[in-house]
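Hi,

Here is the structure I promised to pass on. Have a look first, and my notes on the pockets and the ligand follow below.

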Amino acid sequence: MMELSKYKSETRPDWCPGCGDFGVLNALVQAVANLNIDPKDLLVVSGIGCSSNLPGFIHAYGFHSLHGRAMPIATGAKLANPDLNVVVTGGDGDGYGIGVGHFIHAMRRNLDITYIVMDNQIYGLTTGQASPTSSPGFTTKSTPFGSLEEPINPIGLALVAGASYVARGFSGDPRHLTELIQNGIKHKGFALIDVFSPCVTWNKVNTYDFFRQNCYKFNGPDYNPTDINQAFMKSRELAPRLPIGLFYETQKPTYEEQDPTIKLGVPVKAPLGIKDPQELLKEFY
Ligand code: SF4
């Protein structure tokens, strides 16, 4: 196991005291340490939002990209260097709203990427607007009379789109969350870990107490995580019973394994075929 201090960033998290994202950061660090992943072999990519600041708070390669655009960046990095462990982090607004198109296509390609979504049911960085996972009737700055929309069901969406590992955790249960993240990184293929991660500043409904009262673990002898029909049924359960755990896992070829170019070798290690770089540069003078 790698020492936790190996992943310690010089930048301290700027999240509000008590933000659920602290628990996710700690669980991610514990998971990569348990898996003995060297920081040089880890890339953490994010979009925009409070939770998307996470790559700055872990000592590894990082890319803080554009709103909703973490997945294309992560895809490019993974295809250029399939040897990298690529983890994408962000929030529900970033991933299930602005970036939902990229999210769906990454899942159907089954890229070997781990996606951790800090799902707090609100836009935190922009000071509290309804997000794609806000409940109907939820009152925010953008929905003063209550949200009129049905929330996205990220678990059901991931099952339909072809993700090969689908799980949900709670940042107030770090041991369980670490296990889900660790197994998601180990899994060969697209892994979604949706995490209930309370925004203590702007969401006074989906609080730690709310999740402690409503979350329950369902993995056990009566649940078969390779049965997609059972996973669909479980994904339909809503408050006051919120299931957390591994909904579904299956093995199938990843995009990288099938790509004919990558089969010839790792692209970033391929020779560029440039004999004289100075000659090439002259073309741009
Ligand atoms: Fe966390 Fe909410 Fe504060 Fe953002 S505004 S850091 S999500 S508690």
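The ligand sits in the second largest pocket, where "sits in" asks for more than half of its atoms within 2 Å of the pocket's grid points. A pocket here is an open set of points on a 1 Å grid over the protein atoms alone, where a 1.4 Å probe fits, with protein on both sides within 12 Å along at least five of seven lines; lining residues have an atom within 4 Å of a point.

Bear in mind that this is a predicted model: local features need pLDDT of at least 70 and side-chain atom pairs 80 or more, while totals for chains, interfaces and linings use all residues. Numbering runs from 1 along each chain as its sequence is written, and side-chain values use heavy atoms, without hydrogens and water.

Around the ligand (a heavy atom within 4 Å) you'll find Trp15, Cys16, Cys19, Cys50, Asn120, Gly124, Cys199, Val200, Thr201 and Trp202. That shell has seven nonpolar, three polar and no charged residues, with Ala, Val, Leu, Ile, Met, Phe, Trp, Tyr, Cys and Pro as nonpolar, Asp, Glu, Lys and Arg as charged, and the others, Gly among them, as polar.

The largest pocket has about 480 Å³. Thr133, Ser135, Pro151, Leu238 and Leu242 are the closest to its centre among 22 lining residues.

Cheers

Definitions and conventions:
Grid points are joined across faces, edges and corners, and a volume is the space filled by probe spheres set on the points.
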